[in-house]
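This briefing goes through a structure by topic. The sequence and the coordinates come first, and the notes follow.

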Amino acid sequence: MSYTQRETPILAQLCTFLVEDVYGELAARVFSVLARFGRQRLVDILRLSYLNRRQIGAGLVILVQQHLVARSSTDTSPTFYAIDWQHSYALVRCGRIAKLVEERFGSQAANVVSNLLTLGHTRISDLKDAYFPPDTDSDADLDDGIVNGVGTKRMRNGEPVNGVNGKVNGTAPGTLVNGDGHSNGVDSAHSNGTAKEHDGSIDSVKDLYKIVHKLMKEGWVIKLDEAQYLSAGDYHELARQLAIAEKCGGGEPTGTKQNAEIEEATLRHKRRIRDAWLEVPQTLGGEHKTNGSAYEHANKRVKINGDNDWSRGAFQDEEELVIRINPEKIAVAMRTEQLVNLVEQRLGPITARIYRIMLRSLETHIPRCFDEWADPSPAGKENSPIVEDDPQLCIYPEHIANLTTHLDICEGLDPQGICQITGRSLVKDKENPADKVLSQPVDPSKLSYHERKMVVEKHIELLTHDPFHFATWSGRGTFRIDFEEIAKALIQHELENTVEARKGPTGVKLIRALRKKGKLDERQTCNAMMMSANDIRDMVNDLTVQGFVQTQEIPKVDRREAKHSLHLVWYDCQRAREKLLHDTYKGMVRIMQRLAFERERVQSLLAKAERSDVVGNEDKYLTADELDMLKKWKEVQEKLLLQLFREDDLVATLRDFVGPMVSV
Amino acid sequence: MASAAASASAAPAPPNLKHEDGAPLGTRADELYDRCAERPKDTTFFQRDLSNMQVAESMGELLNMVQVLVDRHLLKPMTLDGESCWKLRSRSDAEKLRRLTADERNLYNHIDQMQKEGIWSKALRARTNVTQQVLTKCLKSLESKDLIKSVTSVKNPSRKMYLLKHLEASEDIAGGPWQSNGDFDTGLIQVAAELMVRYVGEQTLTSVPSSWNNYATTDRTAAIAQKKAEVQRLRDIEDAPPARLYRPPMHPGSSHKVYRNNAHYPTAASAAEFLNNLGVLKEKKVRESDMEQLLEMMVLDGRLEKANQTSYRSVLKATDTKVYNGFVDAPCGSCPVFDLCIDEGQISARTCAYFANWLGTESVEI
């Protein structure tokens, strides 16, 4: 199992809660069976749960549709189901994804993404039908696999996702990929969209396709592929079989050299298959000539009430394309946000905004934070010449400067530097002689191109000089961002934050000292921290108990007397990282439990408030006390959910930004 | 003292000296002593220095006089590069030495030999071959006579090092300027660290008043033009400049700190020079390595940060509020019974007092 898929009981618990919260009890029951027993066949799930076959089928449909469950796909042997932990955990990020997309591509794109999230993977034509509903109500002739679990779920994000009341329709799990992405119920979403004050509605099919095309080009939306359904092990087997076929021509590999070759080819195939998902179809863009007729086709198509025999428009291939959200891209965007936040705390808001522009300009070319299947770096990596930077990942200050017209870019810098660039000088302020002000104010919006570039470079200089090395000079006036190093520093930063909150500055000092110097005995620790042993000893004990530092006893004499042994303390970032990640999962579980408990306390009130006649007329039907309680409950809910999302930020930092670290 | 290694020779006194010359030699020896005492303290005398004083009439007589003084412990015999030389002792010290037993004198000489480095009691015993009881007794008596003192070594806190009373222990055993009595002098470190924060801050930060660039208020014509355009609504949305540039909120009259443009970041050397020139540490000189230790510690403390391998800069906090992270800001993150908390039972999310406090709601009573 890959590192990111490592399963822990606490993660299983957390994911079960998330599934229950979003997709209802039935899905959660099936999910928890898989969480407890691991990879199972359908019959085994049947045996292990108190559900009948039809119920399990319905539950699995939701889980498969949302990619929460991976399944093996060999035709001969029975299908196995296993949980995809990454995707299951990602449920907590639903709301955030829409928000991230909205900031980047506007509210229309966010609307599309919300629908994709609600529906799971979707054929483009179905998405189109959802936005521009055909004349007849297609609900009538659907099969009976309707699952109502989604109907009443609460969307836990600041911006409600449209289509909440939609029903996810499914057929038997076996034929999923081919066409039961047919989803409905977004018609309500459409009307919702227009009713909203923010203009997230989409007016024409052309716009919709434009948005989808844009999202695919940026890597937020990818094609669905059979291989995405494979669990990590099955996927490995698939790539390995391809590698063996390529290297040995069908025979079995022999010898260590060939094995190594196959290993390498396996990784290459894994990357190749995955990268193919990101390809963007050419014709989907808005430039196509038959847009108008495509809309008509859409109407005709459903009347035919079938899948495949409608008159083909020019979009034929693309309309059949099944798309989904790219989960890896989310982490890239979250990384951007966190780095910008950190810069804002350290260097101020203007520099942070410029950094945001820099990072977002790179995002298009970064499909993921780290490559799980990268070739292992050769042993003597330090000695080899530095690889040439990918020009797409270089940052050109002049490009960035062009994007800063909405910022007062002179702020956050030493006025002396501004003087140098603009040829002003610093003089004493007339009103307040102690202050030095510019002899002639500089209007940032009127800076010349050259001046603007120089000012932006000053900001980038601040970023490069920071101990985090937010940017690195990469020659010829360009900069690059060494994400891996920053991500590691970010993990360390969060660990230090945690220790500081729990143990105060001395704890952080200890961690930093150990990180810098390696294994230390008591006297060396005292010297590094310039404190007496008594002040440190308790701290070492506490942090050892919490799992942040490790101790080691090395006997010096044969009898292994403790008195004569060396007692070393050391700090392993990787261990601390895993410990904190585990604790954070647990913290999230507690929040979910508390949320359930708080909801339970006001259950009767909520039942009343959610009645269809009461919704919208709360003032009329609820008493003052009830309104008060409802308000209070909403506050509590908001507080808990906000905290849940902040813990998710921490999880992203610890888990998603950089691969397994090798340390100590 | 002379930079050479001093080696004492406890020469047994030739018993027949006084018989030959009698009292005059003794008084002339006193004369020699007095002449030597006129020189600056701690001068090392070589044979030609003594003969140049022209107290003795012949070389033989001079040697005899020196021998008398050595016997009376007024001169301390040493050798430098194979040449004999002597140092003066005060009469009171000599008096004390004269009253010592042979063992005590032997130990005293060994301790004297090590000068500032001091000698560990066990090493002393190995060199002198006396029994532990004798050693302990003699060292006690020497200490009571104010001739020697003991210090604890910084490197090996369990070792007692002995050195002469009037000497300051070397930094190897007493530690640098930051230590006293084998432990870190927290008060001194505190003061020095604060001075360093101020010094590095002056070097790397500059204060910017909020009104340093008042372009917005002065630019009236532009504002009027913009207003006009807004009223007329003729502009295309794409072309319109943003109504106002984003700038961080600032209170008028306040100021904030930013990093200096092209700052020269201080190094351990420049910081040490600054602190030494300030003269707040009396009688203590801060070397570059001591300063590096202090600055590195402050980096660990988060009071400074490293600008590169050798230089340091201040820590700037652009925002005042300290947020930790999502986990520790929630009750669970710093919960004392976090590890005991389970799904159901006495300690659980339902019964949690911390959650109740945080949310302002009530938990299930246990």
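Predicted model: local features only at pLDDT ≥ 70, side-chain atom pairs only at ≥ 80, totals over all residues.

Which residue in the turn of the hairpin formed by E2(B) and E3(B) has a positive phi? It is Asp81(B), with a phi of about 50°.

**Hairpin of chain B**
- Strand E2 (residues 75–80) and strand E3 (residues 83–88) of chain B run antiparallel and are joined by 6 bridges.
- The hairpin made by E2(B) and E3(B) leaves 2 residues between the strands.
- Across the pair, Lys76(B) faces Lys87(B) in E3(B).

**Sheet of chain A**
- An open sheet of 3 strands in chain A has the order E1-E3-E2, with antiparallel pairing.
- Strand E1 (40–41) and strand E2 (69–71) of chain A are the edge strands; each has a single partner strand, so one side of each lacks a neighbour in the sheet.
- E1(A) is joined by 2 bridges to strand E3 (residues 80–83) of chain A, and the two run antiparallel.
- In E3(A), Phe80(A) is the residue opposite Arg41(A).

**Domains and annotation of chain A**
- The domain assignment divides chain A into domain 1 (3–90), domain 2 (94–327), domain 3 (329–374 + 390–481), domain 4 (486–571) and domain 5 (578–656).
- Taken over C-alpha atoms, the centres of domain 1 and domain 3 of chain A are 46 Å apart.
- An unreviewed UniProt entry annotates residues 13–69 of chain A as "domain: RNA polymerase III subunit RPC82-related helix-turn-helix".
- Residues 13–69 of chain A are 79% helix and 5% strand, with 15 Å between the end C-alpha atoms.

**Nonpolar cores**
- The largest nonpolar core holds 186 residues, and the members touching the most others are Val30(A), Phe31(A), Val69(A), Val113(A), Val212(A), Tyr355(A) and Met529(A).
- Helix H1 (residues 9–37) of chain A gives the largest share of this core, 17 residues.
- Another core lies apart from it and has 18 residues, including Leu50(B), Met78(B), Trp86(B) and Leu88(B).
- In soluble globular proteins, nonpolar side chains tend to be buried together.

**Contact between the chains**
- Contacts link 63 residues of chain A with 52 residues of chain B.
- On the side of chain A that touches chain B, helix H23 (residues 573–601) of chain A supplies the largest share, 9 residues.
- That side of chain A consists of 25 nonpolar, 15 polar and 23 charged residues.

Methods
Residues numbered from 1 in each chain as written. Chains lettered and ligands numbered in written order. Contact = placed C-beta atoms within 7 Å. Helix = DSSP H or I, 4+ residues; strand = E, 2+ residues; numbered from the N terminus. Nonpolar A, V, L, I, M, F, W, Y, C, P; charged D, E, K, R; others polar. Pairing = 2+ DSSP bridges. UniProt positions renumbered as here; feature names shortened; annotations may be inferred. Domains from an automatic or database assignment. Core = buried A, V, L, I, M, F, W, Y, C linked by C-beta atoms within 7 Å. Buried ≥ 20, exposed ≤ 12 C-beta atoms within 10 Å, placed from the backbone.
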